[in-house]
Amino acid sequence: MQIVILKDAAEVAAYGADLFTAQLKRKANSVLGLATGSTPVALYQELIRRNQQGEISFSQVTSFNLDEYLGLDGSHPQSYRHFMNEQLFNHIDIDKANTHVPPGDAKNPIVACDEYEARMTQAGGIDIQLLGIGRNGHIGFNEPSSGLTSRTRVKTLTKATIDDNARFFAADEYQPHLSITMGIGTILDAKKVVLLATGENKADAVSAMVEGPLTAACPASALQMHRNAVIVIDEAAASKLKDVEFYKHIENENQKLLQHLASL
Ligand code: PGA
């Protein structure tokens with residue numbers, strides 16, 4: 001894992017946006033894996049700005065989102081399809097027909113999960129996958145105890161996740177307890193993974209992911225098995241890591257190497 005520790009959430013968003021920008025410049029028809037939650041919003045705003053200024057284009061992009069609530073159709077204000085339209089797709093030059101979010105209103109969710117996997121395979125697989133991390137170490141809606149080789153499937157949300165996400169729902173509004181989520185194995189198949197985490201309330205999860213054992217008890221620890229995972233965090237999210245100075249030193253050396261390669 002490449003651990004990048006930055007000052008604050010704004011720097012984390014800018015660093016993440018740079019990785020997506022580089023990917024789009026390298027391959028205009030990239031397949032992007034996208035995420036919802038509070039953390040990616042600033043990154044999406046930066047991508048929107050760069051798209052509107054003509055620096056990057058999404059016109060040939062295909063996207064797949066990590067997860068969706070089961071029981072909400074895409075027009076529901078709390079659905080992740082609605083979130084993606086509002087936070088990103090409505091503001092960029094992407095063809096919405098090429099954007100995929102698991103169908104929360106699927107008649108047969110089991111079949112829908114297999115179809116979602118098949119569509120990702122048909123598209124050639126995900127080039128770069130954006131992730132957040134839950135306070136309990138989840139990635140997507142892969143809660144603790146999720147199989148480390150799992151594929152897209154129906155998952156029950158933990159009470160911790162339901163409580164964390166209750167802030168998005170009105171007091172009297174139905175909040176789903178089930179989801180469709182890409183599996184951990186699905187996420188590990190992405191060619192590159194970029195996980196963003198900010199704030200002190202993520203510090204325990206970040207510590208377990210980076211310095212804890214590889215375990216289904218912390219689904220994000222599976223990224224230790226990925227050959228190209230970049231963990232971009234702010235100082236607060238890094239505050240419970242033991243080896244902060246070492247990670248900063250490595251990143252410093254990485255940047256020097258990149259500058260050297262660029263000068264060749
Ligand atoms: P957050 O969610 O970005 O809203 O903190 C992250 C997650 O649960 O994956």
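These notebook entries record what I looked up in the predicted model above.

**Entry 1. Ground rules**

I worked on a predicted model, in which local features need pLDDT of at least 70, side-chain atom pairs count only at pLDDT 80 or more, and totals for chains, interfaces and linings use all residues. Residues are numbered from 1 along each chain as its sequence is written, and side-chain values use heavy atoms, with hydrogens and water left out.

**Entry 2. The whole chain**

I looked up the secondary structure and found 8 helices and 10 strands. These are DSSP runs numbered from the N terminus, helices being H or I of at least four residues and strands E of at least two. The radius of gyration is 18 Å, close to the 18 Å of the globule rule for 264 residues, so the chain is as compact as a globular protein of that length. That radius is taken over C-alpha atoms, and the rule is 2.2 Å times the number of residues to the power 0.38. Along the principal axes, the C-alpha atoms fill a box of roughly 55 × 40 × 35 Å.

I then checked burial, and 52% of the 264 residues are buried. Buried means under 20% relative accessible area, exposed over 50%, and partly exposed in between, with a 1.4 Å probe and protein chains only. Of the contacts (heavy atoms within 4.5 Å) with a separation of 6 or more, 78% join residues 24 or more positions apart.

**Entry 3. Charges and salt bridges**

I found 24 positive and 31 negative side chains, the centres of the two sets lying 4 Å apart. Lys and Arg count as positive and Asp and Glu as negative, while His and the chain ends are not counted; each charge is placed at NZ of Lys, CZ of Arg, CG of Asp or CD of Glu.

With a salt bridge taken as a side-chain nitrogen of Lys or Arg within 4 Å of a carboxyl oxygen of Asp or Glu, the count comes to 14.

- Lys 25 and Glu 55 meet in a salt bridge at 3.5 Å, N to O. Lys 25 lies in helix α1 and Glu 55 in the loop between α2 and β3, so the pair ties together parts 30 residues apart in sequence. Lys 25 is exposed at 54% relative accessible area, whereas Glu 55 is partly exposed at 37%.
- Asp 189 and Arg 151 form a salt bridge, their closest N and O atoms being 2.9 Å apart. Asp 189 sits in the loop between α6 and β9 and Arg 151 in the loop between β6 and β7, 38 residues apart.
- Arg 50 and Glu 46 meet at 2.8 Å, N to O, in a salt bridge. Both lie in helix α2, 4 residues apart, about one turn of the helix, and both are buried. Asp 18 and Arg 49 join them in a network of salt bridges.

**Entry 4. Glu 251**

Leaving aside residues up to four places away in sequence, Glu 251 touches Gln 2, Ile 3, Val 4 and Tyr 15.

**Entry 5. Ser 63**

The C-alpha atoms of Ser 63 and Arg 50 are separated by 18 Å, although the two residues are 13 apart along the chain.
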